[in-house]
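Colleague: I'd like to learn how to read a structure, one feature at a time. Could you take me through this one?

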Amino acid sequence: MSTPTISADKRKIRTVAVLGSGVMGSRLALHFANIGLKVHLLDILPRDENEKNRNLIAESALKSALKSNPSPAYVSKVAEHITIGNFTDHMSRIAQCDWVLEAVIEDLKIKISVFDQVEQHRKPGTLITSNTSGIPIHLMLQGRSEDFAAHFCGSHFFNPPRYLRLLEIIPTAKTHPEVVNFLMHYGDLFLGKKTVLCKDTPAFIANRIGVFSIMAIFHLMEEMDFSIEEVDAVTGPISGRPKSATFRTSDLVGIDTLVKVAKGVGENCPDDESRDIFKIPDFLTKMVENKWLGDKTGQGFYKKTTDANGQRVIQALNLKTFEYAVSSKPRFASIGEARQAGSLPKQLKILSRGTDKAATFFNKLHYRVFAYCSHRIGDIADHLYQMDDGMRAGFNWELGPFEIWDVLGIRKVAEKMKAEGIAYASWIDEMLNAGIESFYKSEGGARYCYDVASKSYQIIKGSDELIILNNYRNNTLVWGNKGCSLHDIGDGVLCLEFHTKMNSIGSEVLAGINKSIEIAEKEGWKGLVIGNDAPNFSAGANLAMILMLAIEQEYDELNMAIRYFQNTVMRLRYSAIPVVIAPHGMTLGGGCEMSLHADSAVAAAETYIGLVEFGAGVIPGGGGTKEFVVRTSDAFYNGDPQLPTLQERFTTIATAKVATSGYEAFEIGVLHDDKDEVVINQDRLIAEAKRKVIDLYEAGYTQPVLRDDILVLGRTALGALYAGIEAFRLSNFATDHDQKIARKLAFVMAGGDLSSPTHVSEQYLLDLEREAFLSLLGERKTLERIQSLLKTGKPLRN
């Protein structure tokens with residue numbers, strides 16, 4: 001008889017114990033704390049018997065994690081949810097816990113000894129999981145009780161767990177199905193993960209495919225005589241992989257770790273048809289012997305040094321001579337052409353049909369990866385989408401292997417693979433012979449995937465709960481122009497999607513916003529979501545256009561452009577329908593100003609949002625400065641002291657402060673407690689924004705009335721702000737030009753040179769803001785800053 005358990009829909013998690021406080025354990029503890037859980041972080045006693053602090057190891061690890069950059073915490077205060085301890089004195093605490101997660105060293109004997117202690121204190125029904133990255137899960141059940149086994153499985157988070165979204169769930173034959181169902185759902189909804197169900201096989205899914213891909217690259221580069229820099233040029237963003245490409249990624253992961261995983265697969269997968277790929281190349285063995293393990297030892301495939309002038313220099317390892325030399329930037333015709341394509345699918349197609357050395361490498365590599373993945377169905381995963389999910393969420397590929405194969409054309413690529421003598425699994429030909437030409441299709445907003453077992457398309461579980469705009473584009477277009485598209489996302493709600501470069505905001509996007517609101521108002525839609533599936537919501541206003549007009553001294557056109565932007569954000573607030581913004585990733589400058597003015601911002605936890613215009617030599621001119629003054633006035637009426645609050649808001653703008661999470665955005669005043677919210681899983685962002693629109697509509701949404709009751713302080717604020725600016729300049733924390741920008745900002749935020757506190761309208765503040773913005777565009781140093789930003793991505797301190 002099977003062990004009873006709590007059903008997935010009734011189980012609650014309030015308290016978690018993380019056993020092991022190493023790099024992974026301490027960061028996992030913080031990620032659980034990020035979502036408001038109480039956490040116990042336990043580790044062994046200090047090795048020094050004279051050490052009085054028995055919790056030193058866990059305490060030191062947590063402090064180290066909090067200092068790391070990027071931060072594993074959404075905001076630093078979440079650490080208050082964590083209680084540290086040690087296995088000897090505090091293992092009994094797990095009796096209070098709903099989930100016990102083991103994250104100790106990768107040694108089976110040590111893990112089993114920890115579970116021996118857990119078994120003594122764990123209450124029946126408590127979830128118990130291991131964060132192992134490769135030890136077979138079933139081997140950890142030695143000597144365990146029936147209840148323990150029923151509630152036990154692997155839960156493989158990728159490091160760093162806040163930022164890498166993959167969570168592999170690996171049950172054993174004894175794991176209760178309700179436990180699996182719960183963890184798959186909880187990881188998605190509460191921890192923000194792409195949860196992937198895996199079989200209990202070596203390296204599970206993502207590491208199995210990811211390490212195969214890396215090892216295939218190592219062998220292929222020797223075969224084709226490629227340098228490290230040439231490989232990284234082909235296997236980076238141009239082919240939909242991270243900037244770290246192959247060798248920088250290997251340095252980050254650790255070359256010893258890479259070797260360990262590759263050896264593990266080679267030794268434990270005797271039936272793997274590509275087992276030879278996992279053989280360790282001589283250069284890798286030599287690097288491990290030299291302790292050139294990557295970032296952890298200061299050098300690996302790359303090494304950071306300084307030149308005679310003290311400037312940082314990146315050197316790359318020559319794998320033939322084993323000497324380092326200044327890293328080069330190889331040029332390939334196919335890559336140059338692909339960079340002009342404008343979208344990843346177009347880039348991939350250009351590389352695929354290319355004939356130069358880079359294109360040949362691209363094709364040879366992908367043919368091997370495609371074939372390998374086709375053979376893994378039924379071995380490491382039951383469904384091909386699980387492999388795609390694993391590679392996107394665990395290795396930050398923009399598209400998974402089967403998605404890339406779809407883009408390039410399954411039949412066309414299969415024929416080329418046959419010509420190259422690369423054998424893919426037989427089910428590919430069975431699928432093609434049945435007239436099925438793609439692995440994926442979208443219908444009614446849901447995504448379907450070809451299922452090898454049933455030989456038919458099956459809906460991807462949970463995809464109908466999400467709104468992924470790529471699943472809507474074919475038949476839901478209501479209106480569009482070159483810069484944006486308006487989609488019907490169901491239930492009477494529209495969604496406006498930007499598709500300019502970096503989703504920058506220019507005239508086409510502004511026209512799209514105004515047109516979308518007009519359509520929604522006139523045609524009786526419930527409301528509008530502004531959001532997208534791109535990596536970033538918006539990098540802000542189109543600086544190139546602003547720079548061009550400023551250089552040509554087209555000040556009338558600039559005035560019209562800034563006024564148009566201001567009028568558009570005011571239209572977001574003062575329309576007859578609710579407008580909800582869904583910011584995520586970089587939401588800077590104008591993108592932030594839109595979020596400030598919407599009826600609600602439903603932000604992803606990973607939202608990096610702020611008013612950054614000061615770095616470009618101007619002040620926020622699209623309503624951002626005005627809105628901070630409005631919020632300061634409202635806070636005053638709610639009991640906050642006005643001048644200190646205004647000074648705080650001023651500093652936020654003057655330092656171009658960017659929140660490093662959606663939660664920190666509340667702390668810096670960009671998101672508002674009364675109207676905005678955060679969604680942990682970005683995949684759910686647009687669906688949650690749509691839900692917010694419907695909530696506002698059903699609550700009887702009424703168009704707001706224009707404000708003329710904003711209290712500004714005039715000279716009272718000006719004096720205080722000017723004094724602070726002068727102090728910064730005298731202390732050399734600001735340049736002369738910084739001082740000029742700051743004084744303009746202070747003038748606007750004070751409401752001008754008014755003799756006493758006065759009530760003003762929003763339009764009054766917008767006019768002050770626009771005048772200050774335009775005057776700064778007449779400054780040579782401002783134009784130099786904008787040029788520097790456009791060229792290098794970094795502001796010039798002039």
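Modeller: Lysine 416, for example, sits in helix H17. Keep in mind that this is a predicted model, where local features need pLDDT of at least 70 and side-chain atom pairs count only at pLDDT 80 or more, while totals for chains, interfaces and linings use all residues. Residues are numbered from 1 along each chain as its sequence is written, and side-chain values use heavy atoms, with hydrogens and water left out.

Colleague: Is lysine 416 buried or exposed, or something in between?

Modeller: Buried means under 20% relative accessible area, exposed means over 50%, and partly exposed is in between (1.4 Å probe, protein chains only). Lysine 416 has 33%, so it counts as partly exposed.

Colleague: Which residues gather with Lys416 in a patch of positive charge?

Modeller: First, the idea: patches are made of residues with over 30% relative accessible area and no salt bridge, with like charges joined within 9 Å. A salt bridge is a side-chain nitrogen of Lys or Arg within 4 Å of a carboxyl oxygen of Asp or Glu. Lys and Arg count as positive, and the place of a charge is NZ for Lys or CZ for Arg. Here, Lys346, Lys349 and Lys412 gather with Lys416 on the surface. Helix H13 (344-353) and helix H17 (410-419) are the elements that give two or more residues to this positive patch.

Colleague: Now the backbone. What should I look for there?

Modeller: Look for exceptions, because most residues other than glycine have a negative phi, and most peptide bonds are trans. Asparagine 69 and proline 70 are joined by a cis peptide bond, with omega about 5°. Proline 70 belongs to the loop between helix H2 (56-67) and strand S3 (82-86). Another cis bond runs from asparagine 159 to proline 160, with omega near 0°, and proline 160 is in the loop between strand S6 (152-157) and strand S7 (166-171).

Colleague: And what is the phi of alanine 203?

Modeller: Positive, at about 70°, although alanine 203 is not a glycine. You'll find alanine 203 in the loop between strand S8 (194-197) and helix H7 (206-224), buried at 6%. Lysine 291 has a positive phi too, near 60°. Lysine 291 lies in the loop between helix H11 (282-289) and strand S9 (302-306), and counts as exposed at 57%.

Colleague: How many aromatic pairs does a search of the whole structure find?

Modeller: Rings of Phe, Tyr and Trp (its six-membered ring) pair if their centres lie within 6.5 Å; planes under 30 degrees apart are stacked, over 60 edge-to-face and the rest tilted. The search finds 33 aromatic pairs. One of them is the edge-to-face pair of phenylalanine 115 and phenylalanine 148, at 5.5 Å centre to centre with 70° between the planes. This pair links distant parts of the chain, since phenylalanine 115 is in helix H4 and phenylalanine 148 in helix H5, 33 residues apart. Phenylalanine 115 is buried at 0%, and phenylalanine 148 is buried at 0%. Tyrosine 186 and phenylalanine 190 make a stacked pair, 4.7 Å centre to centre with 20° between the planes.

Colleague: Which residues do ring pairs link into a cluster?

Modeller: That cluster holds Phe370, Phe402, Trp405, Tyr424, Trp427, Phe439, Tyr450 and Tyr457.

Terms used:
Patch = residues over 30% accessible without salt bridge, like charges linked within 9 Å, V, L, I, M, F, W, Y side chains within 5 Å. Areas by Shrake-Rupley, 256 points an atom, 1.4 Å probe, with all protein chains shown as cover. Helix = DSSP H or I, 4+ residues; strand = E, 2+ residues; numbered from the N terminus.
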